[in-house]
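Visitor: I have a few quick questions about this one. Can you put it up on the screen?
Guide: Here it is.

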Amino acid sequence: MRILVTGSAGFIGFHMARRLLREGHNIVGVDGITPYYDRKLKLHRHAILRQSPRFRGHEALLEDFPALSAIYGSGFDAVYHFAAQAGVRYSLENPRAYIDANLMGTFNLLELMRQSRPAHALLASTSSVYGANSQIPFRETDRADHPLTLYAASKKAAEEMSHAYSHLFNIPITVLRFFTVYGPFGRPDMALFKFAAALFDDRPLDIYNHGNMKRDFTYIDDLVEAAFLLLCRTPEAPEARGAPLARDSLSPVAPWRVVNIGNETPLGLLEFVAALEAAAGRKAKYNFLDMQQGDVPVTFADSWLLRALTGFAPATPVKEGVKCFIAWYRGYFGV
Ligand SMILES: NC(=O)c1ccc[n+]([C@@H]2O[C@H](COP(=O)([O-])OP(=O)(O)OC[C@H]3O[C@@H](n4cnc5c(N)ncnc54)[C@H](O)[C@@H]3O)[C@@H](O)[C@H]2O)c1
């Protein structure tokens with residue numbers, strides 16, 4: 001298949017593209033290589049992908065419609081739309097970046113998919129859309145109407161725009177809600193990376209909400225496996241459907257559904273740090289801080305639907321996943 005991966009120089013897009021290349025697909029990657037975090041890491045990821053003759057990487061912003069249109073050309077068999085301005089905290093500092101990338105960028109891509117429909121588009125979304133929901137675990141069929149940050153609001157809006165296009169132009173779309181993804185080649189703005197940097201620099205680790213936070217940490221290889229298996233689980237239009245699953249999130253009017261991809265085992269922040277200390281063979285110093293604005297105390301995925309659709313659900317224990325991350329981190333930074 002010819003597959004477009006947006007955000008191919010990003011953490012998850014890079015791993016996704018690498019997996020699809022291994023499966024024998026031809027991949028076109030597009031990434032704005034934005035300066036939100038170290039561009040060198042993004043360029044390095046793209047350079048690795050370029051080692052395959054079946055990968056073509058482009059540097060372009062999704063909000064640049066002429067550039068995106070030239071890359072999109074006559075279209076693709078499938079699209080993984082993973083490019084975004086990510087990060088909960090940065091959305092307080094630079095909200096406009098979220099509108100540009102997540103709303104305008106997604107809109108431009110939807111417009112192109114309207115002109116030349118892929119057989120299936122899979123869009124990255126986030127557990128952050130569950131916002132102020134207190135009922136756990138989070139299910140795809142729960143209402144998600146109270147986002148706590150502009151990041152969450154922009155991702156929810158992108159989900160909804162995709163539903164409208166799916167309905168109007170019959171584009172099969174699966175929205176993937178990710179839960180705190182970690183692993184090699186990870187994001188320097190996320191907790192594990194920051195903790196590792198502090199640990200190896202002998203600085204104290206900033207522990208928010210005094211450690212009283214739980215996250216459903218999901219290992220990157222599990223996420224990629226799930227997103228890969230979902231490629232052939234194309235949502236069907238209502239008139240084409242067979243017997244429904246017990247708890248499907250399918251739209252009543254469009255070939256569109258939402259699927260959580262999470263580990264279903266929320267872990268306390270301090271337990272996560274303990275796994276890091278064990279993997280690094282060092283003891284951390286802590287700097288306990290209050291909860292940050294826009295943060296939620298717990299994320300917890302219900303991955304029933306993913307399991308029902310694919311027979312797979314993430315299960316890599318954090319201890320193992322963190323060990324793989326640390327092995328990569330040591331090699332990459334020579335520490
Ligand atoms: N990592 C996680 O824990 C997590 C959790 C939930 C959801 N997500 C979602 O998964 C997707 C991938 O996230 P990631 O962790 O790989 O983040 P990332 O920042 O590493 O990757 C995103 C990529 O998109 C690119 N990008 C940003 N704005 C762009 C624009 N306007 N035009 C073109 N490219 C642009 C960036 O340069 C970057 O390489 C995002 O949609 C994110 O919202 C990630």
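Visitor: Which residues in H1 meet H8?
Guide: Ile12, His15, Met16 and Arg19 in H1 do. Keep in mind that this is a predicted model.

Visitor: And what do they meet on the H8 side?
Guide: Ile220, Leu223, Val224, Ala227 and Phe228. Sorted by class, this contact of H1 with H8 has 7 nonpolar residues, 1 polar and 1 charged.

Visitor: At what angle do H1 and H8 pack?
Guide: About 60°, with the axes 10 Å apart. H1 covers residues 11-22 and H8 covers residues 220-230.

Visitor: Why is H1 called oblique to H8?
Guide: Because angles of 65 to 115 degrees count as roughly perpendicular and those under 35 as roughly parallel, the packing angle of about 60° makes H1 oblique to H8. The crossing of H1 past H8 is right-handed.

Visitor: Now the domains. Where are their bounds?
Guide: The domain assignment gives domain 1 as 2-182 + 218-261, and domain 2 as 191-215 + 265-299 + 316-333. Their C-alpha centres lie 26 Å apart.

Visitor: How many residues of each are in contact?
Guide: 13 of domain 1 with 12 of domain 2. On the side of domain 1 that touches domain 2, the residues divide into 7 nonpolar, 3 polar and 3 charged.

Visitor: One more helix pair. How do H9 and H11 cross?
Guide: Their axes cross at roughly 50° and come within 9 Å of each other. That angle makes H9 oblique to H11, and the crossing is right-handed. H9 is residues 269-280 and H11 is residues 318-333.

Visitor: Which residues make that contact?
Guide: From H9, Phe272, Ala275, Leu276, Ala278, Ala279 and Ala280; from H11, Val318, Lys319, Val322, Lys323 and Ile326.

Visitor: And how many of those are polar or charged?
Guide: The contact of H9 with H11 has no polar residues and 2 charged ones, alongside 9 nonpolar.

Methods. Residues numbered from 1 in each chain as written. Predicted model: local features only at pLDDT ≥ 70, side-chain atom pairs only at ≥ 80, totals over all residues. Domains from an automatic or database assignment. Contact = placed C-beta atoms within 7 Å. Nonpolar A, V, L, I, M, F, W, Y, C, P; charged D, E, K, R; others polar. Axes fitted to C-alpha atoms, helices over the stretch in contact; angles between N-to-C directions. Helix = DSSP H or I, 4+ residues; strand = E, 2+ residues; numbered from the N terminus. Parallel < 35°, antiparallel > 145°, perpendicular 65-115°, else oblique. Left-handed = near helix turned anticlockwise from the far one by under 90°.
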